[in-house]
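I opened this model to look up its metal sites, its ligand shell and its salt bridges. My entries follow in that order.

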Amino acid sequence: MNKTKRYPANIVFSYLILSSLWVLFSDLAVESLSNDLQEHALAQTVKGLVFIILTSALLWVMVRKNNRDLESANDLDSVTGLHSPSVFYRYLNKRLKKSQASDHYVLFLLDIDNFKSVADQIGFENTNLFLKDIARSIELPIEHQPLSSRVHSDGFACLVKLDDKEDIESYIALVHRRFNQCAYRYDINATCCIGAALFPSDGNNAKQLMASAIHALTEAKKSKNTIEFHDPKLTELERQRQEMVQELRKAIDDKAIDIVFQPKFNIESRLVAGVEVLSRWTHERYGVVSPDIFVALAEENHFCRDLTTLVLEKTASQLRANGLLGNELNSVSVNISAVELNSVDDMNHLDEYLRKDPEFARLLCLEITETAILKDIDQCAIAVQTLKKQGVSFSIDDFGVGYTSFGIFSKLDVDEIKVDRSYINGLEDDYRSRAITSGIIDIARGFGINVVAEGVENAQQLSILKTLNCEQAQGYYLGYPMSSKQLKVSLTPEKEPCSTT
Ligand code: C2E
Ligand code: CA
Ligand code: CA
């Protein structure tokens with residue numbers, strides 16, 4: 001029975017029981033009280049009144065419960081589980097009224113561009129899952145105490161507390177990145193616009209702040225995939241970020257991203273065990289841009305596949321040109337982003353690309369970071385197995401930080417892990433880093449997985465790693481990232497293996 005029928009049925013049933021009991025026992029009670037007719041009549045009147053009071057109280061309790069249930073059902077959006085707009089606005093008011101003078105909040109409105117085409121691409125049920133995922137991702141990280149709502153079919157509002165008002169730009173960029181990652185996971189061409197306003201500078205109460213955020217969103221919606229802040233200075237920073245995205249696209253298309261090679265050493269033999277390829281982007285105006293910045297931009301803007309293809313192309317051609325492929329070098333590691341592993345299309349593309357160069361595929365090791373964001377782990381495992389058939393091996397990068405865990409070994413058939421350099425940094429002085437590194441090495445060895453310590457910067461760290469039975473090491477102490485020509489020189493037999501530039 002559904003709720004609309006159950007509630008009245010409950011009320012009628014309770015009334016039936018109460019009144020039947022009353023009919024059965026109340027007259028007996030009255031009669032046992034007195035035989036006097038006058039007293040009897042009075043008792044009957046009182047009895048009637050008591051019945052009315054009792055049934056009224058019962059009705060009141062049940063109707064009130066029903067109303068409360070209905071109210072709380074309306075408080076939450078059934079698709080995303082977020083607050084309804086009216087509740088959101090009530091809490092927004094409360095939160096801002098209670099805020100301290102030093103508090104900073106950002107209110108942002110996120111609106112999906114061309115929502116109808118999203119629904120057409122993935123269907124009704126997946127659209128609801130997609131909206132739920134967006135809701136979940138804008139509610140992170142939890143320490144920002146997010147308060148959010150789906151304000152209309154494809155629009156979200158969220159208030160978050162910032163430690164510092166300067167964080168607003170990077171926070172909104174993070175929200176944008178999360179949205180793009182969600183879209184990427186569902187393999188859809190969806191973009192969004194965000195309008196953001198800062199409390200108290202753009203509005204010192206809920207009404208003003210909301211008006212500022214709406215104004216910013218209206219400006220953003222004049223084009224697609226845009227972020228606008230109510231404060232024009234912040235909008236300018238965002239414009240610069242977008243410009244950098246265009247420049248990165250151009251650099252990838254013009255093959256202007258360079259690569260360098262950092263050797264990995266076998267600790268016992270001190271011989272080069274392989275190289276890791278790292279991307280480099282030097283722009284005429286920005287100068288050297290760190291891969292941490294441009295790889296994140298590539299992830300946000302779905303350029304990863306093209307970046308990886310370019311890196312693979314350049315790696316194979318430079319190593320071949322220097323006669324290193326398969327001769328001095330038996331393992332070449334290339335970094336790929338976890339968002340690529342999430343995409344069936346990207347992995348098929350990679351598989352096809354490598355089929356054209358089987359000699360290179362056999363030597364290739366793909367390093368993956370941020371495995372926690374892998375969406376469909378079974379699907380990723382299939383992609384891994386497909387590439388393994390070509391001889392490609394897999395490594396989990398930055399192991400031990402973020403949400404990496406040993407659980408990944410049972411899900412993905414990995415060949416190697418790289419212990420994050422934050423642990424290697426602490427090896428000499430911090431017993432916890434040493435214990436964690438030792439634990440990781442022992443467990444990985446138990447699984448038959450090769451362990452590489454990354455970021456080794458001095459002899460002491462290297463000798464501790466040796467005592468911990470770590471197989472391989474990489475870091476500035478052993479070799480800086482270098483060009484293919486320098487690599488060739490450092491690999492010539494008469495050179496000392498560890499004396500790289
Ligand atoms: P990663 O994969 O952990 O790469 C190692 C990073 O640590 C490199 O920074 C390297 O230069 C640096 N490093 C190596 N030895 C030492 C050391 O002894 N001490 C210290 N402090 N640092 C050391 P880089 O080149 O700036 O790369 C940063 C990250 O960007 C890489 O971290 C990787 O995750 C990503 N990345 C670089 N190239 C690519 C690429 O082509 N594709 C993708 N998807 N990601 C890339
Ligand atoms: Ca790496
Ligand atoms: Ca790493």
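**Entry 1: the calcium pair**

I began with the two calcium ions. Asp 397 bridges the calcium ion (ligand 3) and the calcium ion (ligand 2), which lie 4.2 Å apart. The model is a predicted one, in which local features need pLDDT of at least 70, side-chain atom pairs count only at pLDDT 80 or more, and totals for chains, interfaces and linings use all residues. Residues are numbered from 1 along each chain as its sequence is written, chains are lettered from A and ligands numbered from 1 in the order in which they are written, and side-chain values use heavy atoms, with hydrogens and water left out.

Is Asp 397 buried or exposed? I found Asp 397 buried, at a relative accessible area of 7%. Here buried means under 20% relative accessible area, exposed over 50%, and partly exposed in between (1.4 Å probe, protein chains only).

**Entry 2: calcium, ligand 3**

I listed the protein donors of the calcium ion (ligand 3). They are Asp 397 (OD), Asp 398 (OD), Glu 454 (OE) and Glu 454 (OE), lying 2.2 to 2.5 Å from the ion. A donor is an N, O or S atom within 2.8 Å of the metal (3.2 Å for Na, K and Ca); water is not among the atoms, so sites may look incomplete. Along the chain, the donors of ligand 3 follow the spacing D-D-x55-E.

Asp 398 lies in strand β11 and Glu 454 in the loop between β13 (450-453) and α17 (459-467), so this pair ties together parts that are 56 residues apart in sequence. Helices (H or I, at least four residues) and strands (E, at least two) are DSSP runs, numbered from the N terminus. I noted Asp 398 as partly exposed, with a relative accessible area of 25%. Glu 454 counts as buried, at 9% relative accessibility.

**Entry 3: calcium, ligand 2**

Which residues coordinate the calcium ion (ligand 2)? I read off Glu 276 (OE), Asn 335 (OD1), Glu 367 (OE) and Asp 397 (OD), at 2.1 to 2.3 Å. Their spacing along the chain is E-x58-N-x31-E-x29-D. Asn 335 in strand β9 and Asp 397 in strand β11 link distant parts of the chain, 62 residues apart. Asn 335 is partly exposed, at 28% relative accessibility.

**Entry 4: around ligand 1**

An oxygen atom of ligand 1 is 2.8 Å from an N or O atom in the side chain of Arg 280. For Glu 276, a polar side-chain atom lies 3.1 Å from an oxygen atom of the ligand. Asp 398 has a side-chain N or O atom 3.4 Å from an oxygen atom of ligand 1. Taken alone, ligand 1 exposes 800 Å², and the protein buries 86% of that. These areas come from the Shrake-Rupley method with a 1.4 Å probe.

Two or more residues of the shell come from each of β7 (272-283), α8 (291-300), β9 (332-336) and β11 (393-399). β7 gives the most, with 4 residues. I counted 22 residues around ligand 1, of which Ser 279, Arg 280, Arg 421, Glu 457 and Tyr 476 come nearest. A residue is near when one of its heavy atoms lies within 4 Å. The shell divides into 8 nonpolar, 6 polar and 8 charged residues.

**Entry 5: salt bridges**

I then checked the salt bridges (a side-chain nitrogen of Lys or Arg within 4 Å of a carboxyl oxygen of Asp or Glu). How many salt bridges are there by this rule? The count is 28.

Lys 221 and Asp 113 meet in one of them, at 3.0 Å, N to O. Lys 221 lies in the loop between α6 (206-220) and β5 (227-229) and Asp 113 in the loop between β1 (104-112) and α4 (115-138), so the pair ties together parts 108 residues apart in sequence. Lys 221 is partly exposed, at 34%. Asp 113 is buried, at 5%. Asp 111, Asp 113 and Lys 221 are linked in a network of salt bridges.

Lys 264 and Glu 416 also pair, at 2.9 Å, N to O. Lys 264 is in strand β6 (residues 258-266) and Glu 416 in strand β12 (residues 416-419), 152 residues apart. Both Lys 264 and Glu 416 are buried.

Terms used: A polar contact is a pair of N or O atoms within 3.5 Å; within protein, one must be able to donate a hydrogen and the other to accept it, and residues adjacent in sequence count only if both atoms are side-chain atoms. Ala, Val, Leu, Ile, Met, Phe, Trp, Tyr, Cys and Pro count as nonpolar, Asp, Glu, Lys and Arg as charged, and the others, Gly among them, as polar.
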